[in-house]
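User: I am new to reading protein models and would like to go through one with you. Could we start with the charged side chains?

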Amino acid sequence: MNNGGRYLQTGLVTLVLPALFRVFAIGRGARLIAGEEEDRRLEGLVCSARSRRRILIEKAAALAATVVALGVVLFVVTLAMSVVVDMGIGSADLVRGVLAMAALGLEFGFVALAGGAMTGRRGVAMAAEALLAVGGDGAVGCGLVHDVAA
């Protein structure tokens, strides 16, 4: 791996990007149903001809679309900067990294969406997800969870 790849791995991929994707997806997932419930806009949506299951599926698809869009922006900007600064990062490696970040964001976002749908409170869903994220990072940091690739 070249110096540009090492910089991205140590600086962005292991620290900043997971936090960015988690925070974005957790906030968005908790807001999609619980935020509408708190803003008193969900009643009109639930009273429409669509079933609650369909509304949840549509909200999940909207969450997935926004996380994927964030991943596309990450891919395009990183690839462009890699070319401009001559980092020499391969597009295959970049695709793998972006897919990993998007999958991480979707995982946490979907759980936040489910938590918001169950409780109707955005703060509760976000707090539960934040504890899950910090707990997972703590477990990895303490050596309770090991890297599968190692």
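User: Which side chain meets Arg54 in a salt bridge?

Analyst: The side chain of Glu58 meets Arg54, with N to O at 2.7 Å. A salt bridge here is a side-chain nitrogen of Lys or Arg within 4 Å of a carboxyl oxygen of Asp or Glu. Please note that this is a predicted model, in which local features need pLDDT of at least 70 and side-chain atom pairs count only at pLDDT 80 or more, while totals for chains, interfaces and linings use all residues. Residues are numbered from 1 along each chain as its sequence is written, and side-chain values use heavy atoms, with hydrogens and water left out.

User: Where do Glu58 and Arg54 lie?

Analyst: Both lie in helix 3, four residues apart, which is about one turn of the helix. Helices (H or I, at least four residues) and strands (E, at least two) are DSSP runs, numbered from the N terminus.

User: How many salt bridges does the structure hold?

Analyst: It holds two. Asp93 forms one with Arg96, and their closest N and O atoms are 2.2 Å apart. Asp93 and Arg96 both belong to helix 4 and sit three residues apart, about one turn of the helix. Asp93 is partly exposed at 46%, whereas Arg96 is exposed at 53%.

User: Why can such side chains pair?

Analyst: Side chains of opposite charge can pair when their charged atoms come close.

User: Now the whole fold, please. How many helices and strands are there?

Analyst: The protein chain has five helices and zero strands, and its pattern along the sequence reads α-α-α-α-α. Of its 150 residues, 33% count as buried.

User: What share of the contacts comes from residues 24 or more positions apart?

Analyst: Such residues account for 75% of the contacts with a separation of 6 or more. Contact means heavy atoms within 4.5 Å.

User: Which residues have the most contacts inside the largest nonpolar core?

Analyst: They are Phe21, Val67, Leu74, Met101 and Leu113, in a core of 19 residues. Helix 1 (3-38), helix 3 (52-85) and helix 4 (91-119) each give two or more residues to this core. Helix 4 gives the most, with six residues. A second, separate core has seven residues, including Leu104 and Ala133. A nonpolar core is a set of buried Ala, Val, Leu, Ile, Met, Phe, Trp, Tyr and Cys residues joined through side-chain atoms within 4.5 Å.

User: What does Val67 touch?

Analyst: Not counting residues up to four places away in sequence, Val67 touches Phe21, Phe24, Ala25, Ala102 and Leu106. The C-alpha atoms of Val67 and Ala102 are separated by 6.1 Å, although these residues are 35 apart along the chain. Val67 lies in helix 3 and is buried, with a relative accessible area of 1%.

User: Which other residues of helix 3 are buried?

Analyst: Among them are Ile55, Lys59, Leu63, Gly71, Thr78 and Ser82. Ser82 has a relative accessible area of 5%, so it counts as buried. Leaving aside neighbours within four places in sequence, Ser82 is in contact with Met87, Gly88 and Ile89.

User: What span should helix 3 have?

Analyst: Its 34 residues should span 50 Å at 1.5 Å a residue, and the end C-alpha atoms are 49 Å apart, which agrees. The expected span is 1.5 Å times one less than the number of residues. Helix 4, with 29 residues, reaches 41 Å from its first C-alpha to its last, close to the 42 Å expected.

Note on methods
Buried means under 20% relative accessible area, exposed over 50%, partly exposed in between (1.4 Å probe, protein chains only).
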